[in-house]
Amino acid sequence: MTKKLKSDIGLAVLRILPSAFLLSHGIPKLQKLLNGDFEFADPIGIGATPSLFLAVIGEVICPILVIIGYKTRWATLPILILMVVAAFIVHGSDPFGRKELALLYLVCFAVIMLLGPGRYSIDKK
C-alpha cells in the first residue's frame, strides 16, 4: 500500500466516522424540528427556533455533505462554529468531561477543514 493510498483512506475514515457519529446527535433534533417542537436552548441569544434550525444544519446537513465529500471544507465551517458554541458557551462552566465530546468533534472537523476531503470524495482533492 502506498503512502498516498493510506493517506486517502485515512482521510475518508476521518471524514465519514465523526460525521456519522455527529448525525446521531442531529437526527433527534431534526425529528424535533419536523414535529413542530421548537423548544431548544438559546445559547447565543437569537431565539430558540433559529438556534434549533442552525443546530440541525450543523449536525445533519453539513455532516452528510462531509460524508459524501461535497464542498467539504465549507461544510465543516458550520460544524466548527456549532462545536465552539457547544464547548465554550453551552458547556462553558461544566467540567472538562462534559465538554470533551464537543472538543473532540471540534478537533476532528478542524483537521478535515485543513486537510480537505481526500481522493475518495466528490470533491476529489
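Trainee: Is Val 90 buried, exposed or partly exposed?

Mentor: In this predicted model, Val 90 counts as partly exposed, because its relative accessibility is 41%, a value that falls between the 20% limit for buried and the 50% limit for exposed.

Trainee: And where does Val 90 sit?

Mentor: Val 90 has its place in helix H3, and it also belongs to a nonpolar patch on the surface, together with Ile 44, Ile 46, Phe 53, Leu 54, Val 84, Phe 88 and Ile 89.

Trainee: What accessible area does that patch have together?

Mentor: Taken together, the residues of the nonpolar patch have about 710 Å² of accessible area.

Trainee: Which helices supply at least two residues of the patch each?

Mentor: Those are H2 and helix H3, the latter covering 72-90, and the largest share, four residues, comes from H3.

Trainee: Okay, switching to charges, how many salt bridges does a search of the whole structure find?

Mentor: The search finds four salt bridges, and one of them joins the side chains of Arg 119 and Asp 8, with an N to O distance of 3.5 Å. That pair links distant parts of the chain, since Asp 8 is in helix H1 (residues 3-34) while Arg 119 is in the segment after helix H4 (96-115), and the two are 111 residues apart.

Trainee: Are those two buried or exposed, or something in between?

Mentor: They need separate answers: Asp 8 counts as buried, at 1% relative accessibility, whereas Arg 119 is partly exposed, with a relative accessible area of 41%.

Trainee: Which residues are linked with Asp 8 in a network of salt bridges?

Mentor: Lys 4 and Arg 119 are linked with Asp 8 in that network.

Trainee: What about Lys 29, which residue does it form a salt bridge with?

Mentor: Lys 29 forms a salt bridge with Glu 59, and their closest N and O atoms are 2.9 Å apart. Lys 29 lies in helix H1 and Glu 59 in helix H2 (residues 48-68), so this pair ties together parts that are 30 residues apart in sequence.

Trainee: Why does Glu 59 count as buried?

Mentor: Glu 59 counts as buried because its relative accessibility is 8%, and the cut-off for buried is under 20%.

Trainee: Last one, which residue does Asp 37 pair with in a salt bridge?

Mentor: Asp 37 forms its salt bridge with Lys 32, the closest N and O atoms being 3.6 Å apart. On accessibility, Asp 37 is partly exposed, with a relative accessible area of 34%, and Lys 32 is partly exposed too, with 24%.

Definitions and conventions: Residues are numbered from 1 along each chain as its sequence is written. This is a predicted model: local features need pLDDT of at least 70, side-chain atom pairs count only at pLDDT 80 or more; totals for chains, interfaces and linings use all residues. Side-chain values use heavy atoms; hydrogens and water are left out. Buried means under 20% relative accessible area, exposed over 50%, partly exposed in between (1.4 Å probe, protein chains only). Patches are made of residues with over 30% relative accessible area and no salt bridge: like charges are joined within 9 Å, nonpolar side chains (Val, Leu, Ile, Met, Phe, Trp, Tyr) within 5 Å. Accessible areas come from the Shrake-Rupley method with a 1.4 Å probe; for residues, only the protein chains shown count as cover.
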